[in-house]
Amino acid sequence: MKDSNMHSPKIDALHIGDIELPREVAGLYDLAYNLWWSWTPRARSLFASIDSSSWALYRNPVQLLINVEPERWETLVEDEQFMDRYEAVISGFERYRSYAEGCWFEEQRAADGVPEGTSELFAYFSMEYGVHQSLAIYSGGLGVLSGDHCKSASDLGLPFVAVGLLYRRGYFRQAVDSDGLQQHNYPEYDFRRLPLRPAASATGGEVRVKVPLVDREIEVKIWVAQIGRVPLLLLDTDIHQNDPADRPITDVLYTRGREMRLIQEMVLGVGGVKAIRALGLEPTVWHLNEGHCAFLQLERLRETVAEGASFHQALEVVRRDSVFTTHTPVPAGNEQFDAALASRYLTPWSEPLGCSVGDLLALGSAAVDPAGQNLNLTALGLRTTSRANGVSQLNGKIVDAMWRHLFPQIPQGHRAITGITNGIHSATWVGMDIRRLFERHVGPDWQRRLLDPAAWEAIYQIPDEELWAAHQRQKARLGRFLRGRMRSQRARHGAAPDELRAVGNLFDTEVLTLGFARRFATYKRANLIFRDLDRFSRIVSSADRPLQLLFAGKAHPADRPGQELIQQIFHLSQTDPLRGRVFFLEDYDMRIGSMLVQGVDVWLNTPRRPLEASGTSGQKAATNGALNFSILDGWWPEAFDRVNGWAIGEDQSLAQEAAQDEADVESFYSRLEQEVVPQYYDRAETGVPTGWIAKMKRAIATVTPEFSSDRMVRDYALEAYFPAARRHREAASNAPVEVGNIS
Ligand SMILES: *Cc1c(COP(=O)(O)O)cnc(C)c1O
């Protein structure tokens, strides 16, 4: 796996597909096709300097390179400054790809005494990936987490391959009409304009695999999106070899039709294993993320049985090197199919697996007694792996209690499911100005120091004025972004020129600004803070200590209650007294997410405890110096130290939902009035809020390293991947099989 570019076709450096490049800057081709640029500001600004208007519109280097005029290249290759920056970026990229600065993985494996040359490969499966907004194959937290996981796996040098689906129409793009109703748009993405290349086989041809369904086979094309050193294999059914009725299988992420969803998940799991095999890769560990991908174990069972094992032996073999992560306790995230539908699709597997359909349904039963049960993919994932975790310490306990009846062999007092807390890819989410402070104070190698929390003590040495100025610059950038989006939204809603001009006065960088952006699932309670509208409006419109609130988020197309929350908040944003103080930004994506977490003062999170498995947006905010004001759910109880932000409510839950909502909102109002607002507006002679800045430093220093995806991926490696790889090696040398949770 050291040759990260193993899939790039051998090409004529001057004319590749739709891209024509002068030889002097031929390195831009590989750079555009490696999403490494997305977390490397120097690479981003290099592309921006080639064509700033294309960059402003698309932020997509492939799209940009396709459209550059030859005359523009003539100017650029003569421009010494440009060429110097080009050389610097390309050599940084080469150093990164060639592990020139060493990597955590190799050092750790050497320290573990794993013999040099031992081949290892960790295969990661997920239904969605959020790597950059231009590759719109994600819906929310799971996707962004998967993207961040790949980026850190790349940074730490893990031998890693990721597998997902390539959605022709992505998730949906959101618009909100003038009545506040969510509109769903499904643009068709042109894969030639995205950082995607067809996977190439050893002989150079395109790679296709076949996924058997009940009465036919679906042909699947494999694409590669390169994330630093990590290839992300993306499966696509939209090819002419398939019947027109089968081509849309990979059209839409989280499609609502149950049968179509099941077929998608068959393609992901079964097609994913076949894709890996077709490329000649040999994973030593398989990491299942959520149940969506659990059918990969069917194909692995089939392979093992074909090699002569019985069904039960095969099950032991497959479990041994497989690990499972459950990302939510909410039922909607724990995929189920009714027994009749599932049986129809499982029937063809029974013969090659040497078992009955009932045996397979039993593997995917969420109950102790499997008779007549639905097929639950979380249960299937848990029963076919040897180790499982939830995504924060609190969530680990919750899901352990939810699922431990599936593990009768695990003694009381031992955990069936542990917790590995989520983290974020810091370089992706930190804003330019705060990033410069990291470079100056933690060091130019700050990205490599995320595994060393002590290095982050340096944050406390930043002069107050310097941190405040950096924060205010990011906040001003958010203001410009908000005004741009508001202007186009209001123009679309029919606002008159004078109203559009007035947009220029919206957003004041001197006003305390709260942000809330995430999927509008009802358990996240986006409208909680509006319960006592009079009281809240009074706080917001205070003459000398006012507030601004920015909201963004999509509700699933089938989630009517979630869409009603959007409508309610949109209405509040259009009506006095909150008009001009509350904003709803349409079409939440990674770009809006970045702008918000980088620019707001306070990050708000109000889930119904304990349903927020981890939450990661608050980690992004804290890394930028925004202070979390959050229910003690998910990751926050681990991070909250009474200085680095605020809690809403207590660290326990009431039995009654209504009473819980009431208690939480009361806690929110009173802490907002008594702590958050006064501390923000308490200014020193110099105009900066000294006490507030001390809290910002504490937030950055405590959260950035501990809740980075580097720390998360290291934990997965140490607690899940390495033990599974050891079991895999030992099995190869015939050691006894070890099953059950090894922690
Ligand atoms: C980080 C992120 C999320 C996750 O936010 P939570 O607060 O964990 O729900 C969802 N969507 C996008 C676009 C993100 O960037």
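A crossing of two helices is left-handed if the near helix is turned anticlockwise from the far one by less than a right angle, and right-handed if clockwise. The crossing of H20 and H25 is left-handed.

1. Basis of the note. The model is predicted: local features need pLDDT of at least 70, side-chain atom pairs count only at pLDDT 80 or more, and totals for chains, interfaces and linings use all residues. Residues are numbered from 1 along each chain as its sequence is written, and side-chain values use heavy atoms, with hydrogens and water left out.

2. The helix pair. H20 and H25 pack at an angle of about 20 degrees, and their axes are 11 Å apart. Axes here are lines fitted to C-alpha atoms, for helices over the stretch in contact, and angles run from 0 to 180 degrees between N-to-C directions. The two helices, H20 and H25, are therefore roughly parallel to each other (angles under 35 degrees count as roughly parallel, over 145 as roughly antiparallel, 65 to 115 as roughly perpendicular and the rest as oblique). Helices (H or I, at least four residues) and strands (E, at least two) are DSSP runs, numbered from the N terminus.

3. Residues between H20 and H25. Arg535, Phe536 and Ile539 in H20 meet Glu666, Phe668, Tyr669, Ser670, Leu672 and Glu673 in H25, contact meaning heavy atoms within 4.5 Å. The residues of this contact divide into 5 nonpolar, 1 polar and 3 charged (Ala, Val, Leu, Ile, Met, Phe, Trp, Tyr, Cys and Pro count as nonpolar, Asp, Glu, Lys and Arg as charged, and the others, Gly among them, as polar).

4. The sheet. An open sheet of 6 strands runs in the order E19-E18-E17-E20-E21-E22, with parallel pairing. Its edge strands are E19 (582-585) and E22 (645-648), each of which pairs on one side only. Neighbouring strands of this sheet are turned by 20 degrees against each other on average, direction ignored. E17 and E20 (residues 602-605) pair in the parallel sense over 2 bridges, where two strands pair if DSSP finds at least two bridges between them. Gly515 stands opposite Trp603 in E20.

5. Helices on the sheet. H22 (residues 590-599) packs on the sheet and touches E17, E18 (547-552), E19 and E20; its direction makes about 160 degrees with that of E18. H25 (residues 657-681) lies across E17, E18, E20, E21 (627-631) and E22, and runs at about 165 degrees to E22.

6. Arg525. This residue lies in the loop between E17 (512-517) and H20 (533-540). Arg525 is buried, with a relative accessible area of 3% (buried means under 20% relative accessible area, exposed over 50%, partly exposed in between, with a 1.4 Å probe and protein chains only). Leaving aside neighbours within four places in sequence, its contacts include Thr606, Pro607, Arg608 and Ile631.

7. The loop between E10 and H9. Ile249 is found in the loop between E10 (230-236) and H9 (258-278), and Asp251 lies in the loop between E10 and H9. Ile249 counts as buried at 1% relative accessibility, and Asp251 is buried with a relative accessible area of 16%.

8. Phe324. Phe324 lies in E12 (residues 322-325) and is buried, with a relative accessible area of 0%. Phe324 and Ile417 are 93 residues apart in sequence and 9.4 Å apart in space, C-alpha to C-alpha.
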